[in-house]
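Subject: Handover of a predicted structure

Hello,

I am handing over the structure below, with notes on what was found in it. Please read the notes with the structure open.

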Amino acid sequence: MYWRGAGVAELARLESVCTGNRTVGSNPTPSAMFKAYILNSEKDGTYYFGSTKDLTVRLQYHNLGKVKYTKSKRPWKVHYFEEFDNRSDATKREMFWKSID
């Protein structure tokens with residue numbers, strides 16, 4: 001799902017700072033963490049929300065055109081992400097961001 005404008009991404013960032021459901025200030029093993037992320041298209045400024053276990057690999061997939069919904073808006077850069085202990089919480093955060101209109 002694409003979103004235009006910095007307002008949505010900034011709102012998500014500010015809202016997440018106020019909640020206690022993400023890992024903050026710890027140094028967990030990277031492979032044990034799931035991430036909810038916001039990508040920004042350098043082509044047209046739209047945003048894409050997703051979740052993954054390995055953000056580096058997932059970003060490469062987006063930029064190689066292996067993801068149908070982001071292929072036409074390459075290149076992408078990571079705008080923001082949050083880390084979670086489990087996939088369910090990361091997916092819930094992704095769905096929350098997608099629900100903001």
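Buried here means under 20% relative accessible area, exposed over 50%, and partly exposed in between, with a 1.4 Å probe and protein chains only.

A note on the source. This is a predicted model, in which local features need a pLDDT of at least 70 and side-chain atom pairs count only at pLDDT 80 or more, while totals for chains, interfaces and linings use all residues. Residues are numbered from 1 along each chain as its sequence is written, and side-chain values use heavy atoms, with hydrogens and water left out.

Confidence

The pLDDT is the predictor's confidence in each residue, from 0 to 100. The protein chain averages 82, and 67% of the residues score at least 70. Strand β1 (residues 2-3) has the lowest confidence in the protein chain, with a mean of 48, and β2 the highest, at 98. The pLDDT is also below 50 over residues 17-21, a stretch with four contacts in the model beyond near neighbours in sequence. Residues 23-28 are below 50 as well, and that stretch has six such contacts. A contact means heavy atoms within 4.5 Å.

Overall layout

The protein chain has three helices and four strands, and from the N terminus on its elements run β-α-β-β-α-β-α. Helices (H or I, at least four residues) and strands (E, at least two) are DSSP runs, numbered from the N terminus. Of the 101 residues in the protein chain, 36% are buried. Among the contacts in the protein chain with a separation of 6 or more, 66% are between residues 24 or more positions apart.

Strands β2 and β3

Strand β2 (residues 34-41) pairs with β3 in the antiparallel sense, over six bridges; strands pair if DSSP finds at least two bridges between them. Strand β3 (residues 47-52) is largely enclosed by the rest of the structure, because five of its six residues are buried. In a regular strand the side chains alternate between the two faces of the sheet.

The largest nonpolar core

Phe 49 belongs to the largest nonpolar core, which has ten residues in all: Phe 34, Ala 36, Ile 38, Tyr 47, Phe 49, Tyr 80, Phe 84, Ala 90, Trp 97 and Ile 100. A nonpolar core is a set of buried Ala, Val, Leu, Ile, Met, Phe, Trp, Tyr and Cys residues joined through side-chain atoms within 4.5 Å. At least two residues of this core come from each of β2, β3, β4 (76-84) and α3. Strand β2 gives the largest share, three residues.

Another core, of seven residues, lies apart from it and includes Tyr 37, Leu 39, Tyr 48 and Val 67.

Aromatic pairs

How many aromatic pairs does a search of the whole structure find? There are four. Rings of Phe, Tyr and Trp (its six-membered ring) pair if their centres lie within 6.5 Å; planes under 30 degrees apart count as stacked, over 60 as edge-to-face and the rest as tilted.

One of the pairs is Tyr 37 with Tyr 48, tilted, at 6.5 Å centre to centre and 40° between the planes. This pair links distant parts of the chain, with Tyr 37 in strand β2 and Tyr 48 in strand β3, eleven residues apart. Tyr 37 is buried at a relative accessible area of 1%, and Tyr 48 is buried at 9%.

Phe 49 and Trp 97 also form a tilted pair, because their planes are at 40°, with ring centres 5.9 Å apart. Phe 49 is in strand β3 and Trp 97 in helix α3, 48 residues apart, so that this pair too links distant parts of the chain. Trp 97 lies in helix α3 (residues 87-99) and is buried, at 0% relative accessibility. From C-alpha to C-alpha, Trp 97 and Phe 49 are 7.0 Å apart.

Tyr 37 and Tyr 48 form one aromatic cluster with Trp 76.

His 62

His 62 is found in helix α2 (residues 55-63) and is buried, at 0% relative accessibility. Beyond its neighbours within four places in sequence, His 62 is in contact with Tyr 37, Leu 39, Tyr 48, Val 67, Thr 70, Arg 74 and Trp 76.

Regards
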